[in-house]
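User: I would like to learn how to read salt bridges and strand pairing in a model. Please take one feature at a time.

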Amino acid sequence: MSTRVGQEILVLRFEPPAELEQLISDPAVPRTGPAVLLVADCIDLDRWRAEPLEPQQAGWTEIALGYHCEARGEPATAFHFPFLLLSGSRGDNGMGLADVELTRFHAACPDFDGPAAGRRVEATARTFAGAPLAEVEATLERAAPGELPAGLLRWVNRVSYPDVTQPGALLDAGLWLVPAQDCEVADEWVGRGSATLGAAIGWSGVVEGEAWHYGTVFTLDAVEAL
């Protein structure tokens with residue numbers, strides 16, 4: 001069943017320290033470009049339109065840590081579990097994610113009057129227990145319509161979960177290509193930014209790089225095994 005999704009996204013692209021690269025990479029999906037940290041506010045547009053709900057009831061938040069790669073000969077971005085965290089009903093109870101706090105990030109924020117050169121955007125994500133996952137900040141430099149790096153809306157996921165019967169072991173559900181279809185992208189801005197990653201995400205430290213801020217609407221339908 002297809003789902004129409006809307007997202008407000010802040011992405012940081014950076015060269016990963018060796019320890020972080022080893023942690024997030026999968027030998028079956030070699031890294032071909034920068035590492036990627038993504039934070040997003042998301043909404044299931046079909047559910048929101050079909051039911052008389054408060055928008056928050058159809059929404060969820062995401063934080064993902066991955067890297068540029070290729071899948072079936074085309075650019076993609078690999079976000080492997082457990083470094084793809086989703087809140088609410090979209091996520092796993094073992095990977096709880098508190099709401100991503102977004103500052104001057106989208107139209108629902110107080111005093112937001114649109115992206116502009118020199119404007120600062122920030123996002124904070126933490127676990128439900130309050131442990132920091134990531135603090136991201138970026139300064140927008142220029143509008144960049146049509147310049148979004150290739151592969152940011154085409155995802156590769158290694159889906160694996162802890163095996164409760166064998167501590168330390170994983171149940172591997174395979175490698176999947178998840179392409180966003182019928183994409184609409186708007187308000188693309190590029191700048192520079194940094195992120196402080198917390199130990200709760202698996203590695204702690206500060207990274208810096210190119211930041212992208214954009215909105216998108218797309219359909220999730222076909223998921224292909226790789």
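User: With which residue does Arg120 form a salt bridge?

Analyst: Side chains of opposite charge can pair when their charged atoms come close. A salt bridge is a side-chain nitrogen of Lys or Arg within 4 Å of a carboxyl oxygen of Asp or Glu. Here Arg120 pairs with Glu137, the closest N and O atoms being 2.5 Å apart. The model is predicted: local features need pLDDT of at least 70, side-chain atom pairs count only at pLDDT 80 or more, and totals for chains, interfaces and linings use all residues. Residues are numbered from 1 along each chain as its sequence is written, and side-chain values use heavy atoms, leaving out hydrogens and water.

User: Which parts of the chain does the salt bridge between Glu184 and Arg4 tie together?

Analyst: The N to O distance is 3.0 Å. Glu184 lies in strand E11 (residues 181-197) and Arg4 in strand E1, so the pair ties together parts 180 residues apart in sequence. Strands (E, at least two residues) are DSSP runs, as are helices (H or I, at least four), numbered from the N terminus.

User: In what sense do E1 and E2 pair?

Analyst: Two strands pair if DSSP finds at least two bridges between them. E1 (residues 3-14) and E2 pair in the antiparallel sense over 10 bridges; Leu10 has Val39 in E2 as its bridge partner. E2 also pairs with E3 (residues 59-71), antiparallel over nine bridges.

User: How many residues of E2 are buried?

Analyst: Buried means under 20% relative accessible area, exposed over 50%, and partly exposed in between (1.4 Å probe, protein chains only). Nine of the 10 residues of E2 (residues 35-44) are buried, so this strand is largely enclosed by the rest of the structure.
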